[in-house]
Amino acid sequence: MDPYVVSFRKYRPNTFESVVGQEHVTNTLKNAILNNQLSQAYLFTGPRGVGKTTCARILAKVMNMEDPIQAIQDGSYATSDLDVSLNIFELDAASRNSVDDIRELIEQVRYVPQSGKKIYIIDEVHMLSTAAFNAFLKTLEEPPKYAIFILATTEKHKILPTILSRCQIFNFRSEE
């Protein structure tokens, strides 16, 4: 008998095409990959349950493929299990929101990956303290070429303007 898996984990989309209602975001991300024009920092913002973290994980998986452009073109990223890559780091800022937590992240950023890119997904980023945002700012301003930051939040208005100005912002919509 298979172990019980919570439905949102079992049915979480694993391709850009399977994310419902966010075609404006997924098409833009796919085009950025195909044209090799990825930003160093993204902010995914919108209400709960619209696919912000899911899209961040899919983007991270694609960017760690050997050939991201080919993976998007032929759809091979759909069957990849790279979402458990050692180059993908997730930080839940709701529970790890101090300066020390950000310093630990900054220390990790300094180490060059053996292959691919290092992707940092910071979920609920609006929960970071002001001091933590300020500690993170220098790394966000001048990230190493191998690092991509994806910040996700439900409350964009709580993020410092200096952080917002360094990110490419994607507004996720709810289907109501």
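The exercises below go through parts of a predicted model, each with a worked solution.

In this predicted model, local features need pLDDT of at least 70 and side-chain atom pairs count only at pLDDT 80 or more, while totals for chains, interfaces and linings use all residues. Residues are numbered from 1 along each chain as its sequence is written, and side-chain values use heavy atoms, with hydrogens and water left out.

**Exercise 1. Find which residues of helix H5 (residues 99–109) are buried, and state how they are arranged around the helix.**

Step 1. Helices (H or I, at least four residues) and strands (E, at least two) are DSSP runs, numbered from the N terminus. Buried means under 20% relative accessible area, exposed over 50%, and partly exposed in between (1.4 Å probe, protein chains only).

Step 2. In H5, the buried residues are Asp101, Ile102, Leu105 and Val109.

Step 3. Viewed down the axis of H5, these residues fall within an arc of 95°, so they line one face of the helix. The arc is that of the directions from the helix axis to the C-beta atoms. An α-helix has 3.6 residues a turn, so residues three or four places apart point the same way.

Step 4. Asp100 and Arg103 are exposed on the other side of H5.

Step 5. The buried residues of H5 pack against strand S2 (88–92), strand S3 (118–123), helix H6 (130–141) and strand S4 (147–153). Contact here means heavy atoms within 4.5 Å.

**Exercise 2. Describe the largest nonpolar core and state which element gives the most to this core.**

Step 1. A nonpolar core is a set of buried Ala, Val, Leu, Ile, Met, Phe, Trp, Tyr and Cys residues joined through side-chain atoms within 4.5 Å.

Step 2. The largest such core has 26 residues, and Phe16, Phe44, Leu59 and Ile150 have the most contacts inside it.

Step 3. Two or more residues each come from helix H2 (23–34), strand S1 (41–45), H3, helix H4 (68–74), S3 and S4. H3 gives the most, with seven residues.

Step 4. Not counting residues up to four places away in sequence, Leu59 touches Phe16, Leu29, Ile33, Leu38, Tyr42, Phe44 and Ile150.

Step 5. Another core, of 24 residues, lies apart from this one; Ile102, Leu137, Tyr146 and Leu151 are among its members.

**Exercise 3. Locate Asn36 and Glu124, and give the phi angle of each.**

Step 1. Asn36 lies in the loop between H2 and S1. Although Asn36 is not a glycine, its phi is positive, about 55°.

Step 2. Asn36 is exposed, with a relative accessible area of 64%.

Step 3. Glu124 is in the loop between S3 and H6. Phi of Glu124 is near 55°, a positive value in a residue other than glycine.
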